[in-house]
Amino acid sequence: MPAENSCNVARFLRESAERVPDNCAVRFPTGRGNAPRALTFAQLDRFTAGTAALFRARGIRAGTRTLLMARPGAELILCAFALFRIGAVPVAIDPGMGLKSFLRCVKKTAPEALVGIPLALAARRVFFRKFASVKIAVAVGTRAFFRAAENFSRDENLDLGIARSGAEDLAAILFTSGSTGAPKGVCYTHGIFDAQREIIRDFYGIRPGEIDLPLLPIFALFDPALGMTTIAPEMNPAKPASLDPEKIVRAIRENNVSVSFGSPILWRKIAEYCDARGETLPSLRRVLCAGTSVPPALTALLKKTLPNAEIHSPYGATENLPVSDVTADEVLARTGALTDSGRGTCTGKILPQNRVRIIPIRDDAVASFADVPVLAENCPGEICVCGPTTTRAYFNDAPATRAAKIADPADGSLWHRMGDVGYIGSDGELWFLGRKAERVETPAGTLFTEACEPIFNTHPDVFRSALIGLGARGNETPAIVVELRAGTPKRRRAEIPAELRALALRCGATKDIRRFFVHPEKFPVDVRHNAKIHRLTLKKYYEKKLSSSGSLAAES
């Protein structure tokens with residue numbers, strides 16, 4: 001049993017096993033047309049204890065940094081909670097961020113153990129220098145692993161104890177997606193996980209017995225802590241854009257799914273699939289759509305597809321989540337039209353547990369709020385947040401920590417610089433204008449992605465657009481790059497730049513943009529959500545293209 005006053009998040013699975021032992025905890029496909037396998041909370045709790053015993057037998061102890069590369073669903077939940085139970089520290093790195101970035105993250109965290117699928121263990125042998133710190137390797141997801149874990153779980157003398165952990169003890173290292181810079185390992189304490197669970201449960205009204213289909217695998221770890229059933233989706237987490245909407249729709253219907261979290265690009269695929277067939281998903285009661293801004297047009301389509309669901313777009317980041325929240329009803333009734341006219345994207349009311357301040361945009365470190373002014377309402381600047389889910393540091397990265405954190409000498413609190421630009425409206429709502437690193441600074445002023453791109457996203461042939469700045473910061477020439485919708489006739493490509501210019505003239509924020517490019521392929525995007533556009537990559541592409549051609553004229 002957990003020690004008294006322990007904050008170890010593994011205790012939540014134990015509590016669910018005691019409260020609703022016979023409720024289904026996880027259901028996952030076994031492949032090749034076989035019926036899905038299911039585990040109750042009591043079974044999952046004991047299986048997790050058995051897995052923890054197996055890990056201990058292999059040498060994993062409290063505090064052991066353990067690179068976790070398990071498949072999403074039951075396997076991920078089982079291994080993560082077994083490591084929490086021991087007091088070990090799982091290290092989670094997106095598998096699809098690119099080999100070079102992945103190996104850089106491995107080297108930076110210097111994990112002492114590796115718990116992963118056989119392919120992960122093979123990678124360790126190939127890139128042995130990057131994995132030099134790993135002294136313990138446990139293959140998971142194999143028949144031998146499940147058989148061994150099951151044997152441990154059947155032991156009458158099985159240790160069901162949970163390591164005592166304080167609120168400030170390191171629980172996990174979760175890497176950012178690296179969409180606007182190098183991925184960074186965010187230090188999560190048991191106290192932060194605890195606060196996230198409480199906020200998500202209370203704010204969204206989640207109750208034990210609900211059924212969740214998490215389209216972002218890491219969010220499945222909240223399900224046992226909330227008493228929800230996890231339905232493992234059939235998708236490749238390394239390639240989320242390859243999601244087959246038919247399989248997801250079938251899983252939602254067959255399992256009567258009531259809750260789901262996913263990125264806008266995934267929900268677009270699901271909604272368009274349903275819309276084309278005149279179908280809806282009535283079992284869903286609560287949908288969270290996040291990872292990047294949700295276009296108002298997609299919000300309208302989701303409302304049609306999910307007639308009984310509350311659709312939320314929470315705002316936050318790996319370093320601080322959630323910060324604020326806006327509903328689909330609010331977007332459609334009021335804020336969506338403002339977004340399409342250049343006001344930015346409304347992220348809704350700031351959660352009562354959080355405080356938000358806006359400071360002038362700057363790229364250097366700010367040690368204290370005594371060194372920087374706080375801007376008034378409706379003044380764009382850099383978004384800073386402080387709350388119970390605010391992380392305090394990046395692992396083994398003091399420069400990044402200094403650049404991202406600000407101390408408040410008035411009350412001793414530590415604030416996180418979100419790396420985003422926005423403003424607080426006179427009604428107290430937080431508006432998002434884009435990533436700070438992706439702002440475009442021209443001689444005439446600064447342009448922000450979320451104030452410009454929605455103007456062009458209203459074009460019927462545009463799937464998504466990207467604002468980029470050509471040249472050096474401070475003297476950049478703004479340009480819009482568009483990715484066309486699938487099936488747009490090739491003859492239209494030459495006509496679209498002029499049509500985009502006509503749209504630009506309708507809004508003060510975009511009237512001076514005169515360069516437009518129709519991208520020849522899909523935009524480069526992040527792997528985690530498959531929605532965050534790599535605008536800096538597009539900037540390099542078009543600067544190189546213009547430089548090689550010697551032309552500064554608008555192109556398509």
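Strand β17 (residues 381-386) is largely enclosed by the rest of the structure, because six of its six residues are buried. Buried denotes under 20% relative accessible area, exposed over 50%, and partly exposed the range in between, with a 1.4 Å probe and protein chains only. Strands (E, at least two residues) and helices (H or I, at least four) are DSSP runs numbered from the N terminus.

The model is predicted: local features need pLDDT of at least 70 and side-chain atom pairs count only at pLDDT 80 or more, whereas totals for chains, interfaces and linings use all residues. Residues are numbered from 1 along each chain as its sequence is written, and side-chain values use heavy atoms, with hydrogens and water left out.

**Strand pairing**

Two strands are paired if DSSP finds at least two bridges between them.

| Partner strand | Bridges to β17 | Sense | Residue pair |
|---|---|---|---|
| β16 (residues 355-359) | five bridges | antiparallel | Ile359 and Glu382 |
| β19 (residues 414-424) | four bridges | antiparallel | Val421 and Glu382 |

**Cysteines**

A disulfide, here a pair of cysteine sulfur atoms within 2.5 Å, occurs zero times in the structure. Cys379 is in no disulfide, and the nearest cysteine sulfur, that of Cys384, is 14 Å away. Cys379 is partly exposed, at a relative accessible area of 31%. For Cys386, the closest cysteine sulfur is also in Cys384, at 10 Å, which is too far for a bond. Cys386 counts as buried, with 9% relative accessibility.
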